[in-house]
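Biologist: I would like to learn how to read a sheet and the helices beside it. Can you take me through one case?

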Amino acid sequence: LRRERSFYCVVAAFAALTLVYCALGFWAERDGVFVPAASVFCGAAAVGVIWLGWSFVRAGGEITSIATQLNCDQTHQIKPCRSAWLKVLTEALNNRLSDETSAQLKEQLKQLQIQNKLLSAQKTHIDQVIYSIRDAIIVVDEFDKVLLANEAAGRLFGFDFATAANKPVSELVEGAKPEFVDFLRQSRTSRAPGSRKEIDFDDAEGPRVFDCRVSCVCDDGGRVCAVVAVLHDITREKEIAQMKNDFVSHVSHELKTPLASIMAYSEMLTDGEANDEQTRNEFYSVIRTQAQRLNRLIEDILNIARIESGLVKVEKQPVSLAILMEEQLQMIRSFAQEKDIRICSEKPIVHDCVLVDKDMVSQVIVNLLSNAVKYTKPGGTVHVFTEVDEISKKVTVKVVDTGVGIPADELEHVFDKFYRVGANKPQAKGTGLGLSLVKQIVEKVHGGNVFVQSKVGAGSTFGFELGLATEVVTAKS
Amino acid sequence: MMTGKKVLVVDDEIHIVHVVAIKLRNNGYEVISAQDGTEAFELAVSQKPDIIVTDYQMPTMNGIELVGKLRQNAQTNKTPVIMLTARSFVIEDDQQQQLGISEVLSKPFSPKELLRSIEDILYAKAVAD
């Protein structure tokens with residue numbers, strides 16, 4: 001730099017001296033004095049001036065370039081300049097910039113490390129969420145290789161979900177469920193945004209139905225890059241839908257049966273098919289009893305529906321079960337006498353007070369007693385009693401008959417809605433709702449238990465168990 | 001009117017059997033009855049009715065099982081059957097055809113319409129024979 005500065009000084013001094021000399025020469029020649037070297041000096045001075053001008057122009061360009069580089073990227077090093085002065089400037093700037101860049105890079109690295117940790121934690125969290133979802137999830141790429149599979153998928157198809165990644169889906173699943181793999185392929189080929197199919201499984205957990213929903217993931221170019229399959233167990237939903245259909249079918253059948261009699265007999269009366277007064281009276285009687293049956297059926301269905309939906313109004317009060325039973329026995333005795341059935345009852349002398357809705361529990365006792373009488377042949381006995389367990393604070397009511405009994409394989413269904421024991425149907429009329437109502441009232445409304453024991457030909461024992469009311473409650477009443 | 005023909009009426013609802021029997025007897029038919037499928041099959045084989053009117057839902061053996069059994073017996077495999085049902089969609093058309101069930105009537109039914117169906121089926125059978 002010092003050398004260049006000296007050089008510029010010499011050039012400038014030479015140019016200045018040349019200009020002075022030229023001026024003096026010009027002045028002398030005007031006065032008739034010839035200076036032969038004047039023109040030579042004039043040329044040299046012009047070259048020096050031009051060179052200096054060019055140097056300034058070039059320096060201006062390089063300064064503009066430095067400014068542009070600084071504006072564009074403050075972290076990038078500035079290109080070295082040809083001008084020695086500007087070289088010093090760029091070196092100084094570059095030193096400053098490298099210090100700032102280093103600090104910025106360190107800060108950026110720190111931020112990136114934090115972001116990396118956050119992303120890693122988020123990924124672990126998302127993975128845990130996906131793995132914990134109870135629905136089976138399998139994601140495959142465009143070559144049918146597994147990108148992700150959760151624990152439920154591993155359980156469903158019988159593979160280890162932790163080592164499933166990058167394996168061909170056909171290798172993991174096809175043996176167990178080829179139709180699932182076919183469905184994945186079809187969905188990818190059709191590029192449908194969403195498609196669904198019900199797939200049946202029959203494994204150690206028994207027959208199950210899964211709702212399989214598949215969606216395609218496309219890249220920016222519209223190419224399918226992944227296929228996501230979610231399998232949801234709809235076995236229970238199917239069962240409930242089936243139960244609902246069965247219930248509607250049962251209800252319509254039970255309602256239509258008495259209605260069929262009412263309509264047929266009324267048509268016969270209208271058409272004059274009842275020839276005499278006795279037949280007409282018989283027809284009227286059938287219409288009346290079938291209308292009553294229809295009404296009873298509707299009441300029972302409504303009562304069960306009210307209890308199941310929790311809409312029933314329950315008014316609990318302390319009641320002695322023995323007294324309640326005695327009241328209901330009075331109502332059933334005449335019916336039992338008509339059939340020549342003996343009713344024995346025992347009244348306990350201990351505290352047997354329960355906190356119940358009196359009307360509902362009366363309904364339970366009537367249903368059990370009337371069933372016992374209906375399914376016991378003439379000459380039989382119905383034995384009714386209560387047992388109090390002071391230790392567990394429970395009272396048990398038992399209705400024991402010597403009736404037709406129930407086959408062992410049908411016992412578990414006797415409390416189901418509309419269930420009637422096939423072999424006992426001719427024995428008595430019924431809606432198949434009485435015991436269902438008993439179960440709902442005892443278990444759902446009062447938190448008790450119902451039970452049944454039976455032997456075909458020997459008889460049945462139906463009963464229920466309720467918690468004893470505390471002495472305090474009884475005394476308050 | 002196809003008088004003197006024998007009709008087997010099968011239903012576990014005694015009132016239905018009773019009303020159908022009165023309607024048919026008033027119109028000159030002979031009526032025999034049963035309250036379940038097992039009893040009905042025995043009567044069909046022993047009494048050889050001209051036509052059977054049976055309910056679908058019955059204890060021990062339902063209407064479809066009864067017809068299936070009737071079709072396997074040489075004595076009853078051609079006997080026309082009318083089925084009464086309080087259930088919807090229990091019998092598919094192809095099943096009805098396969099079992100040779102002449103007609104399915106839904107409950108509640110009209111005794112008048114039942115009589116008309118019996119007459120039509122017996123008339124068609126008489127013409128065919």
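This is a predicted model: local features need pLDDT of at least 70, side-chain atom pairs count only at pLDDT 80 or more; totals for chains, interfaces and linings use all residues.

Modeller: In chain A, 5 strands form an open sheet with mixed pairing, in the order β7-β9-β10-β12-β11.

Biologist: Which strands stand at the edges?

Modeller: β7 (342-345) and β11 (449-455) of chain A do. Each has a single partner strand, so one side of each lacks a neighbour in the sheet. On average, neighbouring strands are turned by 15 degrees against each other, direction ignored.

Biologist: In what sense do β7(A) and β9(A) pair?

Modeller: β7(A) and β9(A), residues 381-389, pair in the parallel sense over 4 bridges. A:Cys344 has A:His383 in β9(A) as its bridge partner.

Biologist: Which strands does α9(A) touch?

Modeller: α9(A) packs on the sheet and touches β7, β9, β10 and β12 of chain A. Its direction makes about 170 degrees with that of β7(A). α10(A) lies across β7, β9, β10 and β12 of chain A, and runs at about 170 degrees to β12(A).

Biologist: How are two packed helices described?

Modeller: By the angle between their axes and the distance between the axes. Here, the axes of α9(A), residues 321-338, and α10(A), residues 358-374, come within 9 Å. They cross at roughly 40 degrees. The two helices are therefore oblique to each other. The crossing is right-handed.

Biologist: Which residues meet there?

Modeller: Among them, A:Leu324, A:Ile332 and A:Phe335 are on the α9(A) side, and A:Val361, A:Ile365 and A:Leu369 are on the α10(A) side. By class, the contact has 12 nonpolar, 3 polar and 3 charged residues.

Methods: Residues are numbered from 1 along each chain as its sequence is written. Chains are lettered from A and ligands numbered from 1 in the order in which they are written. Side-chain values use heavy atoms; hydrogens and water are left out. Axes are lines fitted to C-alpha atoms, for helices over the stretch in contact, and angles run from 0 to 180 degrees between N-to-C directions. Angles under 35 degrees count as roughly parallel, over 145 as roughly antiparallel, 65 to 115 as roughly perpendicular and the rest as oblique. A crossing is left-handed if the near helix is turned anticlockwise from the far one by less than a right angle, and right-handed if clockwise. Contact means heavy atoms within 4.5 Å. Ala, Val, Leu, Ile, Met, Phe, Trp, Tyr, Cys and Pro count as nonpolar, Asp, Glu, Lys and Arg as charged, and the others, Gly among them, as polar. Two strands pair if DSSP finds at least two bridges between them.
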